[in-house]
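Colleague: Walk me through this one, please. I'd like to hear the rule behind each label as well as the label.

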Amino acid sequence: MSTPKYPKSNQMSVGSIQCDNTTLNLLKANDFVAKAIREKLSDVLVINVCSSPGSGKTTLMQETGKRLSDKLNLAVLVGDPETDRDAVRMKEVGINALQIVTGGMCHIEAQMILQALDHIDLTGVDLLFIENVGNLVCPAAFDLGEDIRVTVLAATEGDDKPKKYPRMFLTSELMVVSKADLLPYVPFSVEAVTQDAREVNPAIDVMAISSLKGDGMDEWCDWLMAKVAEKKASLETA
Amino acid sequence: MHEISIVRNVFDTLQETYPDKFDQITKVQMEAGLLSNIQPILIQNAFEALILEEPGLADIELEVVQLPIIAHCDACGQDFEVVRHRFVCACGTPSKKIVQGEELQISKVEFFGN
């Protein structure tokens, strides 16, 4: 960078000041790439799945893959600061998956998705999940070119989270309460978490699911199928 | 959130936008909506840290203006301030039509010149 030649404006006694009122968006680089992803994946339903670490995103992806494999062509891009463990888990159940190692970063940025698209075959894919890095703060600010954002909140995390992490729940279309089979054993009220989330986002849908026991999985899969159908219908009318 | 990279981004953006008069910049004003998770004091600290790397920036004043969250209510047609992330209008209608609060931008640049 070059060196400014003049002193701080508030210390200046002489000279004149020109002022330029402007709007320079500081997330423009990410938003520009997100737009490119949206154009590139115009015929695929893209769902950005966010949550804290350990809420059960990967297990939900695995079980969803098993249930929908004969109905949908599904793929997963999964982000973690380190290791390819999650992608390995997906591949074990036959899911077309690619690991994005963020190299310590706490969220996925659009550029990482765009690069990942060169390394995964999405021919014929109807539904692409982006399993974000476990974090309820930073991923909320980064548009990845998705159609829908879904936030997963495990019953073990507590029902007071939506107001603590408002931007995440504000930008999500659906909140999945995971590990619902543990609801009888933990002080977590689906009613209370729904009310908390709807004060931030009145339009948010809520679904309680146990990936391991299967409760709510039919409703979740039906919801996904309907969203894929909606996307395809919007392409036909466009 | 990520204040160091945001501050870096501010000056990269300014250099790109004002290649001819970047060195005449005396003051920069940023606007950060409350939903952007930006803490002004941390931006100032990050700026001080960046100055250690880029001493030339020491003469620039950086101001961070926080913008409250404003939403629009379709029921009564009014804009209302969202306090404590409660997206409900005074008339009782929920709304998340955000008019203001997601900004993360440079809003004003002052130059020394004639």
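Modeller: Let's start with pairing: two strands pair if DSSP finds at least two bridges between them. The helices (H or I, at least four residues) and strands (E, at least two) are DSSP runs, numbered from the N terminus. This is a predicted model, where local features need pLDDT of at least 70 and side-chain atom pairs count only at pLDDT 80 or more, while totals for chains, interfaces and linings use all residues. Residues are numbered from 1 along each chain as its sequence is written, with chains lettered from A and ligands numbered from 1 in the order in which they are written.

Colleague: How do you know that β1(A) pairs with β6 of chain B?

Modeller: Seven bridges join β1(A) to β6 (residues 104-112) of chain B, and the rule asks for at least two, so the strands pair. They run antiparallel. Within that pairing, Asp20(A) sits opposite Val109(B), and Leu24(A) faces Ile106(B).

Colleague: What makes β1 of chain A and β2 of chain B edge strands?

Modeller: The order in this open sheet of four strands is β1(A)-β6(B)-β1(B)-β2(B), with mixed pairing. β1 (17-25) of chain A and β2 (61-67) of chain B each have a single partner strand, so one side of each has no neighbour in the sheet. On average, neighbouring strands here are turned by 20 degrees against each other, direction ignored.

Colleague: What does each chain bring to the contact?

Modeller: Chain A brings 36 residues and chain B 41 (two residues are in contact if their C-beta atoms, placed from the backbone, lie within 7 Å). On chain A's side, the elements giving two or more residues are β1, α6 (166-170) and α7 (190-200). β1(A) gives the most, with nine residues. By class, that side has 17 nonpolar, 12 polar and seven charged residues (Ala, Val, Leu, Ile, Met, Phe, Trp, Tyr, Cys and Pro count as nonpolar, Asp, Glu, Lys and Arg as charged, and the others, Gly among them, as polar).

Colleague: Why are α2(A) and α8(A) called roughly perpendicular?

Modeller: Helix α2 (residues 57-68) and helix α8 (residues 217-237) of chain A pack at about 70 degrees, with their axes 11 Å apart (axes are lines fitted to C-alpha atoms, for helices over the stretch in contact, and angles run from 0 to 180 degrees between N-to-C directions). Under 35 degrees would be roughly parallel, over 145 roughly antiparallel, 65 to 115 is roughly perpendicular and the rest is oblique. The value falls in the 65 to 115 range, so α2(A) and α8(A) are roughly perpendicular. Glu63(A), Thr64(A), Arg67(A) and Leu68(A) of α2(A) meet Met217(A), Cys221(A) and Leu224(A) of α8(A). That contact divides into four nonpolar, one polar and two charged residues.

Colleague: What makes you say that the four cysteines gather at one spot?

Modeller: For "binding site" (unreviewed entry), UniProt lists Cys73(B), Cys76(B), Cys89(B) and Cys91(B) (positions are in the numbering used here, feature names are shortened, and annotations may be inferred rather than shown by experiment). They span 19 residues in sequence, yet no two of their C-alpha atoms are more than 8.7 Å apart, so they gather at one spot. Leaving out residues up to four places away in sequence, Cys76(B) touches Cys89(B) and Cys91(B). Counted that way, Cys73(B) touches residues including Phe80(B), Cys89(B) and Cys91(B).

Colleague: Why does Cys73(B) count as partly exposed?

Modeller: Buried takes 20 or more other C-beta atoms within 10 Å of the residue's own, exposed means 12 or fewer, and partly exposed is in between, with C-beta atoms placed from the backbone. Cys73(B) has 19, so it counts as partly exposed. It lies in the loop between β3 (69-72) and β4 (79-82) of chain B. Cys76(B), in the loop between β3 and β4 of chain B, is partly exposed with 14. His2(B), where UniProt places another "binding site" (unreviewed entry), is partly exposed with 17.

Colleague: What makes the phi of Thr83(A) worth a remark?

Modeller: Most residues other than glycine have a negative phi. Thr83(A) has a positive one, near 70 degrees. It lies in the loop between β3 (74-80) and α3 (85-92) of chain A, and its 10 C-beta neighbours make it exposed. Arg84(B) has a positive phi too, about 50 degrees, and is exposed with 9.
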